[in-house]
Amino acid sequence: MSAPARPRILSGIQPSGKLHLGNYFGAIRQHIALQHEGSAYYFIADYHALTTLQDRQLFAEAVRDVALDYLALGLDPSAAVLWRQSDVPEVTELTWLLATVTGMGLLERGHSYKDKIARGITPRAGLFLYPVLMAADILAFESDLVPVGKDQVQHVEMTQDMAESFHAAYGCSVFVRPEARLAEGAAVVPGIDGQKMSKSYGNTIEIFASGKPLKKRVMSVVTDSLGVDDAKDPESCTIFQLYRLMASEAQTGEMAEHLRRGGYGYGDAKKELLAAIESTFAEARARRIELAADPDHVEDVLATGARRAREVARRVLGAAREAVGMRGRPIDA
Ligand code: ADP
Ligand code: TRP
């Protein structure tokens with residue numbers, strides 16, 4: 001089958017802490033760029049977050065932060081639909097329909113589930129069913145493309161399997177087959193210790209940090225112990241790896257040359273990195289402050305998004321309900 005002219009692009013963002021440069025260059029930047037390439041649907045995966053975060057206050061703040069972050073970083077509500085997962089209850093209803101056709105074996109093979117258990121997260125039923133909820137998210141909105149990081153590709157493949165099992169069980173064809181889309185050219189962004197940047201490693205540089213805390217983070221990027229005068233290798237320098245994500249080609253070339261030539265210390269490079277971070281996100285930072293001062297506007301964007309998203313989910317869920325032998329809509333809905 002040929003790809004639709006305006007594919008439905010869908011992704012979910014877990015509200016699980018302050019966003020960092022790895023999230024931006026690995027995922028968010030691509031989400032924002034895609035909003036003009038198709039019919040973009042993005043939601044804040046708050047039901048998913050409940051599988052690991054059970055703190056009323058932190059939860060509410062994290063949900064609000066994702067909305068502010070995405071809008072500040074350039075998500076345009078007139079181009080993309082943005083909503084909160086829990087505002088579209090059809091998704092949880094579809095989760096159940098899918099769970100009834102999903103083999104235990106499929107879920108037991110989940111890398112993400114196994115990783116989380118290995119990290120000491122309590123194995124609850126919700127965590128185990130996480131991929132089924134994710135499949136419902138994807139299928140309820142007729143998604144063609146699902147931009148995700150490598151760690152989530154298996155979940156999209158599981159979604160394809162669940163859609164097929166449902167179609168086979170009921171002799172129907174109610175779901176669109178989704179494909180995962182990996183961020184093009186997105187490299188793994190290193191953290192301040194040189195490992196992959198991740199909030200679970202405590203090595204992040206937050207996008208919206210500023211002033212002293214930001215400076216402190218940048219100044220603590222780990223380097224080798226070469227002195228100012230020594231020649232240095234840019235490719236093995238974390239400061240350079242981060243800098244090139246934000247600097248122009250000419251600036252990147254200049255820093256590489258300075259490092260190779262010697263007479264240029266890591267302290268100098270850190271100052272340039274700090275300036276690059278500040279200027280790259282200056283506009284977004286100002287916009288975030290404006291948005292935070294207008295919570296009604298943010299709430300409006302999410303409510304409008306939920307209404308639009310719900311129209312699609314109602315239709316798909318209706319077809320799935322009919323396929324199993326129920327009426328298309330529950331009574332009074
Ligand atoms: P974390 O590792 O901090 O918990 P998440 O797993 O919540 O981050 O990731 C959210 C998104 O950001 C995913 O799409 C993931 O692929 C991307 N991402 C996270 N860290 C990095 C990184 N260091 N480099 C590139 N992409 C990343
Ligand atoms: N599990 C995804 C993550 O941790 C978030 C997510 C939930 C998602 N539902 C989704 C991503 C549907 C894509 C499509 O990053």
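Predicted model: local features only at pLDDT ≥ 70, side-chain atom pairs only at ≥ 80, totals over all residues.
Me: How much of ligand 2 does the protein cover?

Reply: Accessible areas come from the Shrake-Rupley method with a 1.4 Å probe; for residues, only the protein chains shown count as cover. On its own, ligand 2 has 360 Å² of accessible area, and the protein covers 89% of that.

Me: How many residues surround ligand 2?

Reply: A residue is near a molecule if one of its heavy atoms lies within 4 Å of it. Ligand 2 is surrounded by 14 residues, and Gly 12 and His 48 are among the closest. Helix H8 gives the most, with four residues; helices (H or I, at least four residues) and strands (E, at least two) are DSSP runs numbered from the N terminus.

Me: How many salt bridges are there in the whole structure?

Reply: A salt bridge is a side-chain nitrogen of Lys or Arg within 4 Å of a carboxyl oxygen of Asp or Glu. A search of the whole structure finds 16. In one of them, Arg 288 and Asp 69 meet at 2.6 Å, N to O. This pair links helix H14 (residues 282-292) to helix H3 (residues 56-72), across 219 residues. Both residues also belong to a network with Lys 18, Arg 64 and Asp 65.

Me: Is Arg 288 buried or exposed?

Reply: Buried means under 20% relative accessible area, exposed over 50%, and partly exposed in between (1.4 Å probe, protein chains only). Arg 288 counts as buried because its relative accessibility is 17%. Asp 69, at 5%, is buried too.

Me: What should I know about the numbering and the cut-offs for confidence?

Reply: Residues are numbered from 1 along each chain as its sequence is written, while chains are lettered from A and ligands numbered from 1 in the order in which they are written. Local features need pLDDT of at least 70, side-chain atom pairs count only at pLDDT 80 or more, totals for chains, interfaces and linings use all residues, and side-chain values use heavy atoms, with hydrogens and water left out.
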